[in-house]
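Hi everyone, thanks for coming along. Please have the sequence and the 3D view open, and we'll walk through them together.

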Amino acid sequence: MITRIKGTQDISFDSIDYWQYIEEAIRKITRQYSYTEIRTPVFEATELFKRSVGESTDVVQKEMYTFDDKGGRSITLRPEGTASVARAFVENSFINLGSPTKLYYVGPMFRYEKPQTGRLRQFHQFGAEILGSESALADFEIIEMAYSFLKELRISNTRLFINSIGCPTCREKYKEALRAYYSEKVTTLCEDCRRRYDTNVMRLLDCKIDKEIAGNAPMTLDFLDDDCKEHFEELKMYLERANIDYDIDGHMVRGLDYYSRTAFEIKSSSLGSQDQIVGGGRYDGLVEIVGGKHCPAVGFATGIERIVMLLKSEEISISSSKPDVAILATGKNEAIVGFEYARRLRKAGISTYVDVMERNIRNKMKHASRTGARISLIIGGEEIEKGIVTVRIMRDGSQYKVNGDYMTNYIVDKLRNA
Ligand code: HAM
């Protein structure tokens, strides 16, 4: 048997209802906030991620699915969506449409990580980005939108963590302080960290091994210049005015190089070690890095698989995609009539399942129960002869003979109570 690749999932019977529930919430929230959808390719030039996410990040160094195509180009399956959005923004000159540009995306991302609960190699993100605004109002809207989305899904037990990592100027001072802090410890660090010390010292804070040392490192907030400080204060004020609680995590620098100023994460206590459900922040330098003019921007992304896990663990009830009616016809002629009834029901907006197996009525009934249909329509020889149908209410097994001409109205009425 050929099996699926490690770290990927087949999403169907046991969770597809959750996915559709989440997708509906995405459409609703993005419409409410008036963001435009963007669908970028799932693969891009490798250079895009190297330049934007950063050469020394774990994502670029260890986690990318990179290959040469038949034309000898280096291609990478996108590990995240922001770099592609920035590239598309520049390539399509969205800036000419007037600032800001508010975009959202939903789709698969690929990271060669060690698979575990909540961590996959193909996972899906819903993300939103505002390009063109430097204001803390944009940071606030992005965080509020992520919150509204979780609220729409009825998810609770979440906590927002915010930080500011400053602009490149404040960050140089911070990096110096970090280098000084780590200088005596560097020989005791893991191999990756020893390399990061020289190449990109801020990435030391992402280390999953040397966590304790990172926990006592200097905080980014102590190195902010006046403008960055004011920007962060404004964001805090907007959050407070909207009653969105937050904690400050002065060590949160996020694992991608393009961030500046605001960084934030939303975590859930209902998940295990992979507790981060939303990640985001400001990336004022990214558009320039991918070849555009300076354009400040901010955004978030959330992992849909983690949200599915949360909905399940918080036992949030969602409506299922079970049919309203199952049509059970006992022979070929009966089935032809059955399809006609199905057409009428579907036209009336009723979800109708037709059993296309040629088997006896007992087995058809068993199958109808399994589909979860609330009503079965039985069509046998007698029904055809008399121009009637037998309507069976699955909940209590009661049956009614109904004239075929009035069947649709009868079913609509019964479904209100079945
Ligand atoms: P990120 O924190 O790398 O940020 O990912 C965002 C979310 O994607 C995480 O909070 C998590 O829910 C989900 N996620 C990440 N990796 C995996 C995985 N291996 N398996 C399952 N879920 C995963 C970004 O990707 C940024 N582009 C976010 C952003 C948008 N920043 C600004 N705009």
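Let's begin in the loop between α4 (82-91) and β5 (101-110), which is where you'll find P100. What kind of peptide bond joins S99 and P100? It's a cis bond, with omega at about -5°. Keep in mind, as you look, that this is a predicted model.

Go to the loop between α5 (136-152) and β7 (158-164), and pick out R154. The phi angle of R154 is near 70°, a positive value, and R154 is not a glycine.

Now for the ligand. How many residues surround the ligand? There are 26 of them, and the closest are E80, E113, E129, Y259 and Q276. If you color that shell by class, you get 10 nonpolar, nine polar and seven charged residues.

Which element gives the largest share of that shell? That's β10, with six residues. Three strands each supply at least two residues of the shell: β6 (122-131), β10 (276-282) and β11 (297-303).

Let's zoom in on some individual contacts. R254 has a side-chain N or O atom 3.0 Å from an oxygen atom of the ligand. From Y258, a polar side-chain atom lies 3.0 Å from a ligand nitrogen. With G303, it's the backbone that takes part: one of its N or O atoms lies 3.0 Å from an oxygen of the ligand. And how much of the ligand does the protein bury? On its own the ligand exposes 660 Å², and 96% of that is buried by the protein.

So where does the ligand sit? The space it takes is the largest pocket. That pocket has a volume of about 1400 Å³. It is lined by 50 residues, and K208, R254, G255, E265 and Q276 are the closest to its centre.

By class, the lining of the largest pocket has 17 nonpolar, 16 polar and 17 charged residues. Several elements each supply at least two of its residues, among them α3 (58-62), α8 (211-215), β9 (262-268) and α11 (304-313). The largest share again belongs to β10, with six residues.

Last stop: the second largest pocket. Its volume is about 310 Å³.

How values were computed. Residues are numbered from 1 along each chain as its sequence is written. This is a predicted model: local features need pLDDT of at least 70, side-chain atom pairs count only at pLDDT 80 or more; totals for chains, interfaces and linings use all residues. Side-chain values use heavy atoms; hydrogens and water are left out. A residue is near a molecule or strand if one of its heavy atoms lies within 4 Å of it. A polar contact is a pair of N or O atoms within 3.5 Å; within protein, one must be able to donate a hydrogen and the other to accept it, and residues adjacent in sequence count only if both atoms are side-chain atoms. Accessible areas come from the Shrake-Rupley method with a 1.4 Å probe; for residues, only the protein chains shown count as cover. On a 1 Å grid over the protein atoms alone, a cavity is a set of points where a 1.4 Å probe fits but cannot get out, and a pocket is an open set with protein on both sides within 12 Å along at least five of seven lines; lining residues have an atom within 4 Å of a point. A molecule sits in a cavity or pocket if more than half of its atoms lie within 2 Å of its grid points. Helices (H or I, at least four residues) and strands (E, at least two) are DSSP runs, numbered from the N terminus. Ala, Val, Leu, Ile, Met, Phe, Trp, Tyr, Cys and Pro count as nonpolar, Asp, Glu, Lys and Arg as charged, and the others, Gly among them, as polar. Grid points are joined across faces, edges and corners, and a volume is the space filled by probe spheres set on the points.
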